[in-house]
Amino acid sequence: MLQFKVLRQFLPLTLSLLAAMLTIGTMPTAAQSSSNVSTTSDQTKPPAQQSDLQLMQAQIPVLPTWVYLAGGVMLILFFLPKVGWVAGLIVIEEREVGIVTKKFSAKRLPEGQQIALNGEAGLQADTLSPGWHFGYFPWQYSVQKEPVVMIPQDEIGLLIANDGAAIPANRILGKVVESENFQNARQFLAHGGEKGRQLAILTTGTYRINTALFTVITSGNATAHGVTAARLKVYAVQSDRVGIVTALDGMPIEEGEIAGPIVAGHDNFQSAQMFMNRGGCRGLQEQVMLSGSWNLNPWFVQVEQVPMTEVPIGYVGVVISYVGQAHEDISGAAFTHGNLVSRGDKGVWIESLHTGKHPLNTKIMKVELVPTTNIVINFTQRFKGEHGYDSSLSALKLLSFDGFTFDLEVFQVIHVGAMDAPKVISRLGSMQNLVDQVLRPIVGNYFRNSAQEYTILDFLTARSERQSEAAEYIRQALRAYDVQAVDTLIGLISPPPELMQTLTDRKLAEEQEKTYVTQRAAQTQRQELVRETALADIQQRIVTAEQGVTIAELQATAKISQATGEAESIRVTGQAQADTYQAGVNAVGAQFYTAMQLMQVIGDRNVRIIPDIVVGGNQSNAGALDAMMGILLWNQAQEMQSGNHHSQAIVHTPPTDQAKTP
């Protein structure tokens, strides 16, 4: 590279050498011409002078051509480098810029001006671009070669103008003028560029800047100028955050406002001059910056990144804006406890923010989260809700009708609708104010008034009734505040210890009494069980006996019926036999009929008339016959008696007839 630079510097000398060689090649002709001219002139001179001239020419030797060539080379090596200096030649490399200083001039710079525009002595506005530049004689000009300005990737460059018009008192940064990104110093000064720190910045790239007019601050020299290198990075806003901007230059904010209004067309504060031209105000800005990378001038704006406003599930966000137009209230005539305004105006927005993340400027807006689900406000110190609204609440201290002081825990369940949330915030300011300024006095005063109308035992024994009464009263009271009272629950009741001891003793006595009653009932039941068990044990025998009686009765009845039937049968049979006997007697006579009957009986029953052993005697055959007939009669009588000993014979044979023999 060094050899290349040397070659470029000696290139003009090489051209000069060629010109010298051409000159040397033509020297004999010139010498001849000169000798001819001298001869002619000598002819006109006097003789003494002609002799002196000839003597001098005779003393000059005639040199060969190569001597002249060697002399030319020596001239190039030793004398021609000074030719470029003498000719005012300046060579500027590709990555250089020439800063020109004019040492003297007939013109003088105006008072207060540092950069010359019209050839005055001093630093010149015009710079030298890469190439050869003639006429910058060293006795009149001084040229300083400076490297070009390079802005690295993802960085910016700040500029300070060392000359120009004065910045007005109402601004702190120089306005942006057309100057080819500060590369044309003449144009900058001619168009009214102002000295001092500039609104415009340099983005990533390479620039040929007149460093005599502009001081460029990059990450490499930032510390020397009191600027941290981090501020010269391209500003990046993270995806889940929002940038809150504070402008350091611009018009003053109107009286009564806390932030400058939104100005359109400045491309997120990247076009600072557009912001200024359209009346942008210095100070806190309403407009926020969303995620992305931005070329911002740290002398013009400062950005603070804050998390986006998140509205969790089960909540709505009520926006309280401190900036915007003060438009009329749109809440309606029925709502007289605050103002509700349209979105973007100053006041409480009538439209709530729903679940999600919202890029809000939390410096000029406040978002009050209102739970739309049921929440429990605990009037106790034993535990607290996660929402934290009841952190300062404790159990209620009440005085009963009978003069006892006791603590009462109350759990109030409330609900705020999404459409009613702006009204609640407009009326009270926050959910904490709702608890402290509305819920606490309503619940506390009700139970204090109610406690003085009942004894403490009423709260202990009839707490469900007291709870229902409280729920209805609080529901009506909170309705006026656009809050729904879902339920009121009574928790732990803590009466005085001595009363609790009395109640405990009473309860023990009642429980003992119940125990005695229970035991007595158990004994009665046990007796009944024993009796029932005994009855169950003899029940089988009772059933058997009862069934035996029934069976005996049935058997007796059956026997009576049988006897009656048999008697009737005997009677009928006897009557029939009697009729038969009577008919037989009437037909053959009594004795003969009787004999016939006897013979029939003997034949039917195989009655032995003559025994196996006949007792003999002196009696006649009539005695044996009489004995036989007596035996037959005795057998017939025994048979009749064995048939039915309860019945009596209906028909009897006359004794005289039975005693008779045939």
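Is Tyr473 buried, partly exposed or exposed? Tyr473 is partly exposed, with a relative accessible area of 44%. Buried means under 20%, exposed over 50%, and partly exposed in between (1.4 Å probe, protein chains only). The model is predicted: local features need pLDDT of at least 70, side-chain atom pairs count only at pLDDT 80 or more, and totals for chains, interfaces and linings use all residues. Residues are numbered from 1 along each chain as its sequence is written, and side-chain values use heavy atoms, without hydrogens and water.

Start with the helices. These are DSSP runs of H or I with at least four residues, numbered from the N terminus, while strands are E runs of at least two. The axes of α9 (residues 431-451) and α11 (residues 463-479) come within 10 Å and cross at roughly 145 degrees. Axes are lines fitted to C-alpha atoms, for helices over the stretch in contact, with angles from 0 to 180 degrees between N-to-C directions. Contact residues (heavy atoms within 4.5 Å) include Ile442 and Tyr446 of α9 and Tyr473 and Ile474 of α11.

Now the rings. Rings of Phe, Tyr and Trp (its six-membered ring) pair if their centres lie within 6.5 Å; planes under 30 degrees apart are stacked, over 60 edge-to-face, the rest tilted. Phe188 and Phe214 have ring centres 4.8 Å apart and planes at 75 degrees, so this pair is edge-to-face. Both are buried. Tyr446 and Tyr473 also have ring centres 4.8 Å apart, but their planes are at 20 degrees, so they are stacked. Tyr446 lies in α9 and Tyr473 in α11, so the pair ties together parts 27 residues apart in sequence. Tyr446 is buried, at 12% relative accessible area.
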